[in-house]
Amino acid sequence: MIEILKNIKSSNKKINREFLNGHFDTNKQKELSLEILKSIGFDLNAGVLDESVHPFTINISKNDVRLTTNYHEDEFTSALYSTIHEGGHGIYEQNIGDDLKDTGLQAAISMAIHESQSRFYENIIGRSKEFCSYLLPLAKKYFKDFDSVNLEEFYEAINYVEPSLIRTEADELTYSLHIIIRYEIEKELINGDISVDDLPELWNKKYREYLGVEASNYSEGILQDVHWSGGMFGYFPSYALGNIYGAQMYYKLLEEKPEVMNEVAKGDFNTVKVWLNEKVHKNGKLYTPNELIKNITGEELNAKYFIKYLKEKYYEVYNVK
């Protein structure tokens with residue numbers, strides 16, 4: 001991961017993303033978010049989209065799945081991709097098999113598999129060139145800021161790589177480094193190698209080492225996430241595992257449905273949704289994560305697919321040879 005980032009940093013490719021910053025009416029952002037949620041397969045008759053400071057998904061039942069996002073008037077992508085991410089979680093919850101009702105198995109298998117679905121929709125589908133070709137006309141429909149933007153410019157801006165402080169705003173490539181930092185800190189804390197008082201300094205040290213940035217206050221540093229204050233120690237690796245599971249599933253999807261990304265470019269997400277429903281969602285807790293990924297792909301979890309995905313995508317974007 002660090003090697004890929006280093007190679008991208010050495011690229012002379014300059015990407016303009018200024019048009020993603022401006023003034024974007026929050027009501028229009030919500031209309032766009034709802035339109036995309038419906039398109040990708042989230043059932044708005046069995047769910048809702050609302051607002052919160054930190055986006056999340058909660059399910060009362062599979063027929064009552066509640067998503068939130070956080071709109072920023074000065075930035076186009078934040079709320080949109082948070083919505084798609086939470087939509088991936090919601091689609092999973094809405095499509096767990098009815099035949100598992102009252103068995104104790106009508107629930108997601110693990111948070112890592114859950115995150116594989118959210119990050120699959122957010123990144124592998126949502127930041128693909130095909131999805132961008134579907135999204136750009138919608139962006140132009142809602143906001144004049146994109147009138148003169150072409151597909152290549154839009155796609156590159158959506159996939160701009162820049163080390164940053166805030167995990168939830170991180171680009172797809174550097175995101176896993178945010179997770180690695182948190183995992184390493186958790187491990188040292190739980191093992192008793194460090195104390196709570198050591199955390200702010202250790203946090204900044206690791207951010208300098210891995211990402212070359214440093215927080216100026218706790219809110220953009222050690223206190224930026226809700227997970228630890230909520231007692232969710234050990235949760236962060238589920239995001240990184242989700243990336244790995246998702247990439248492995250993606251290459252199997254391409255093998256079985258080679259035309260699927262052409263359909264995505266046309267705004268048709270049915271093949272994606274049906275495939276994930278069949279392979280992942282409907283099974284609830286019938287299988288362990290290891291059994292599930294082996295059932296889907298024929299092999300155990302392997303990070304080589306995620307590394308392959310990142311290299312193929314970002315080396316092309318940044319002209320890395």
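What volume does the second largest cavity have? In this predicted model, the second largest cavity has a volume of about 30 Å³. Its lining consists of Gln29, Leu32, Ser33, Phe76 and Leu80. Helix α2 (residues 26–40) contributes the largest share of this lining, three residues. By class, three residues of the lining of the second largest cavity are nonpolar and two are polar, while none is charged.

Two cavities of 30 Å³ or more are found when the whole structure is searched. The largest cavity holds about 50 Å³ of space. Among the residues that line the largest cavity are Ser116, Arg119, Phe120, Glu172, Asn243, Phe306 and Tyr309. At least two lining residues each are supplied by α4, α9 (237–256) and α13 (304–317), and α4 accounts for the largest share, five residues. The lining of the largest cavity comprises five nonpolar, four polar and two charged residues.

Open space was also examined. The largest pocket contains about 920 Å³ of space. This pocket is lined by 41 residues, of which Ser82, His85, Glu86, Arg167 and Thr168 are the closest to its centre. Two or more lining residues are given by each of the elements β2 (57–61), α3 (77–94), α4 (111–125), α6 (151–158) and α7 (172–190). Of these, α3 gives the most to the lining of the largest pocket, with eight residues. The classes in the lining of the largest pocket are represented by 14 nonpolar, 14 polar and 13 charged residues.

Definitions and conventions: Residues numbered from 1 in each chain as written. Predicted model: local features only at pLDDT ≥ 70, side-chain atom pairs only at ≥ 80, totals over all residues. Heavy atoms only, no water. 1 Å grid on protein atoms, 1.4 Å probe; cavity = no way out; pocket = protein on both sides within 12 Å on 5 of 7 lines; lining within 4 Å. Points joined across faces, edges and corners; volume = space filled by probe spheres on them. Helix = DSSP H or I, 4+ residues; strand = E, 2+ residues; numbered from the N terminus. Nonpolar A, V, L, I, M, F, W, Y, C, P; charged D, E, K, R; others polar.
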